[in-house]
Amino acid sequence: MKIHPFLFSAVILLSSILWILPSSCSENPVVYVAFWFDTEDYILPQADDAAKRLAEMFAERNVQATFKIVGEKARVLEERGRDDVILALAKNDIAYHATNHSIHPTPAEYSRDLDWHEGVREFIRREGIGLKTLQQVFGVNASCYGQAGGSWTPQSYAALHKFQIPLYLDATPHVNLDDRPFWFCGILTILELGDCVMRTGWTNDEVKQACAEFDRVHQKLTREGGGIISIYYHPCEFIHEEFWDGVNFSRGANPPRSEWKLPPMKSSQEQEQAFNAFETYLDHIVKHPGVQLVTAREIPSLYPDRAYTRPITQNDIRTIARTFQDQLSYIDLGDRILSAGEGLYALSQFVAKSKNGSHPAEVSLKFAYGPASQPLRIASEGSFRWEAIQQAAQDLVDAVDDAEQLPSAAWVDGRPWRLEDFAKTLAYAVADESYSGDITMQQGELRTMDYVADNAPDLWGWVIFPEGFDAPRMMEIAKRQAWTIKPARLRLSN
Ligand SMILES: [Zn+2]
């Protein structure tokens, strides 16, 4: 067949455009900057005006910030008749920052001794109240949630699914995957980002330094192919000397409303200095080439989870098995990343559906929370019939399909196995193609648990917590959700 010369040159032209496009894009990667304000002081009325002034600062520049608003703050704005503040905030992105923030018990306090399911229910019950207020006052659902102070809980993530909030945005060390955005419990999460979390102080020198630091990090991220910078403040800190909750609720104090004290304020000159410093910093960033401001509402579309875009092929299964042989962690399939839990589900399906030497061409994927609990007594060694392994794999798939959660154990011949050992054993069987006879149990450790902080006093250093507060059981529960951890990959700009 003879190809028409015009068609031929059109194909050449098209392919060269396609060739040029991605490379020219990667030469000019975008650095996204999210400004967010924890809007929480419902005691000092002047904090309302501070929030308004900041909200308008963004609107005047045709850009948006994200205001994470406390439910009680939304309520008092309405009670005080501050429609002007509500309207100014509504020109920006509206997000959520707990029902009462610092009135005890805060989320980590009431979740401290609860199990997974109780903790999810309790979070929905208590924090659902403020979210409802926020929705009524602003007429939209929150774009993201971030905890009050250091009051982080793993169960809040399952509640966010229920609240239809797709993003967790804050800055806290409870979970951290290499200082970059990641997935935890199926929720896109942005917490500590290393030097990509930044801000300016209030003096001229500090602004100069902060602008230089912004330029440095911007350059670094551009070299990395783009990324996100997180900049956060509280509107109240532009006008106060001390936080509203520090003066009332420190170290477990819980005075009645009638005894709440107003926090001390900055002089009006100091307030102006703070707003002006921030405005200079904002202008430096807004006018910076290669920068795009993003709100929490836009962030999920920058980090799509491609895990579910197509089925898992036999090739993918081999990659999962090899990764698990090496270490139990998330799996990079090239065009998408699976969590260890997603890998285990896929492997289990593959094994369960294999019959007489023939294997399924592909299996589907399903999201599952990490297990809610862990069995105390477990099988730890030995050889097991292949059929028993297969049956346990089918049982695991059934459990996930039923509960959207990994079971606490895999039951092989009536004995409970740790999921880590089961995943490792499946990986060896699949990698070695040993699909019959006796299978030796392999032992494994879930490496992604290292991304979840150990319970330690400094993890709970928030001044609002009662003296000596910690939450060992809650961090154990969080570690089991390490099955869901995987990096979030930035969409290439085009
Ligand atoms: Zn806060």
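Predicted model: local features only at pLDDT ≥ 70, side-chain atom pairs only at ≥ 80, totals over all residues.
I started with contacts between residues at least 6 apart in sequence: 77% of these in the chain join residues at least 24 apart.

**Overall build.** I counted up the secondary structure next and got 16 helices and 17 strands. The radius of gyration is 26 Å, close to the 23 Å from the globule rule for 494 residues, so the chain is as compact as a globular protein of that length. I also boxed the C-alpha atoms along the principal axes, and they fill roughly 80 × 70 × 40 Å.

Of the 494 residues, 53% are buried. The chain exposes about 21,700 Å², with carbon and sulfur atoms supplying 50% of that. I looked up the charges too: there are 48 positive and 67 negative ones, and their mean positions sit 4 Å apart.

**Aromatic rings.** My search of the whole structure turned up 35 aromatic pairs. I picked F123 and Y145: their ring centres are 5.5 Å apart and the planes stand at 85°, which is over 60, so this pair is edge-to-face. F123 belongs to helix α6 (residues 116-138), while Y145 is in the loop between α6 and α7, 22 residues away. Buried or exposed, I wondered about Y145? At 1% relative accessibility, Y145 counts as buried, and F123, also at 1%, counts as buried.

F123 has another partner, F163, with centres 6.4 Å apart and planes at 40°, so I logged that pair as tilted. F163 lies in helix α7, so the pair ties together parts 40 residues apart in sequence. F163 is buried as well.

Last entry: I found one aromatic cluster whose members include F35, W202, Y233 and F278.

Note on methods
Residues numbered from 1 in each chain as written. Heavy atoms only, no water. Helix = DSSP H or I, 4+ residues; strand = E, 2+ residues; numbered from the N terminus. Rg over C-alpha atoms; globule rule 2.2 N^0.38 Å. Buried < 20%, exposed > 50% of the residue type's maximum accessible area, 1.4 Å probe, protein only. Contact = heavy atoms within 4.5 Å. Areas by Shrake-Rupley, 256 points an atom, 1.4 Å probe, with all protein chains shown as cover. Lys, Arg positive; Asp, Glu negative; His and termini not counted. Charge placed at Lys NZ, Arg CZ, Asp CG, Glu CD. Phe/Tyr/Trp six-rings, centres within 6.5 Å; stacked < 30°, edge-to-face > 60°.
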